[in-house]
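Please look over the protein chain shown below. The report that follows takes up a few of its residues, along with the rings and the core.

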Amino acid sequence: FVAYKDVMEIKDHQSIFSFAKNHSFSYFIYEEKCDACTIIFSITSQHEGDIELYVNKDTSSPPTNKEYHFKKSTAHSQLLAINLENSYFQDNNIKSMKGFYTIGVYTLVNTTFELAVSSEAEPVTQITSGVSVRHA
């Protein structure tokens, strides 16, 4: 475990409001305690500008614009869901979601944002307009 200065821990089902300066990263640590679940990272920007969400499955090095395990970028808000079916876990033969995740939030403008993390044991399905969803 690597200790970082100015890194806030975020808990399951918790939201954090934070301010980020333009062209800079804000970092957070999340600990997952479930073996086989889906982790949902949600971020909403209070500004029209772009915001990018980066996640690494460890704390050995924080994610950057060039080196990361997972990434999501868009204007306003975004949702990143990861589970053992993601190629990162399969390619690295990782069989458990347990462990620490380093979250990096990168903004292109000064903005306030809300970051939330939740862990769900049930499968999570993204619903898209105009696409039917079949239940098992």
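Is Ser 119 buried or exposed? Ser 119 is buried, because its relative accessible area is 13% and the cut-off for buried is under 20%.

## The model and its confidence

This is a predicted model. The mean pLDDT of the protein chain is 83, and 79% of the residues score at least 70.

## The surroundings of Ser 119

Ser 119 is found in strand 9. Its side chain makes a polar contact of 3.0 Å with the side chain of Glu 32.

Setting aside neighbours within four places in sequence, Ser 119 is in contact with several residues, including Glu 32, Asp 12, His 13 and Tyr 30. Among the others are Cys 34, Cys 37, Thr 38 and Ile 39.

## Aromatic pairs

How many aromatic pairs are there? The count is eleven. In one of them, Phe 25 and Tyr 27, the ring centres are 5.2 Å apart and the planes meet at 5 degrees, so the pair is stacked; planes under 30 degrees apart count as stacked. Phe 25 is partly exposed, because its relative accessibility is 22%, which lies between the limits of 20% and 50%.

Phe 41 and Tyr 101 form a tilted pair, with 6.5 Å from centre to centre and 55 degrees between the planes. This pair links distant parts of the chain: Phe 41 belongs to strand 4 (residues 38-45) and Tyr 101 to strand 8 (residues 99-107), 60 residues apart. Phe 41 has a relative accessible area of 0%, so Phe 41 is buried. Tyr 101 is buried too, with a relative accessible area of 0%.

One aromatic cluster is formed by Phe 25, Tyr 27, Tyr 54, Tyr 68 and Tyr 106.

## The nonpolar core

Which residues have the most contacts inside the largest nonpolar core? They are Phe 41, Ile 82 and Ile 103, in a core of 24 residues. The elements that give two or more residues to this core include strand 2 (14-20), strand 3 (24-32), strand 5 (50-56) and helix 1. Strand 4, strand 7 (77-82), strand 8 and strand 9 (111-120) are also among them.

Apart from neighbours within four places in sequence, Ile 103 is in contact with residues that include Phe 41, Tyr 27, Tyr 54, Leu 115 and Val 117. Ser 26 and Pro 63 are also among the contacts of Ile 103.

How values were computed:
Residues numbered from 1 in each chain as written. Predicted model: local features only at pLDDT ≥ 70, side-chain atom pairs only at ≥ 80, totals over all residues. Heavy atoms only, no water. pLDDT = per-residue confidence, 0-100. Phe/Tyr/Trp six-rings, centres within 6.5 Å; stacked < 30°, edge-to-face > 60°. Buried < 20%, exposed > 50% of the residue type's maximum accessible area, 1.4 Å probe, protein only. Helix = DSSP H or I, 4+ residues; strand = E, 2+ residues; numbered from the N terminus. Core = buried A, V, L, I, M, F, W, Y, C linked by side-chain atoms within 4.5 Å. Contact = heavy atoms within 4.5 Å. Polar contact = N/O pair within 3.5 Å; in protein donor to acceptor, adjacent residues only side chain to side chain.
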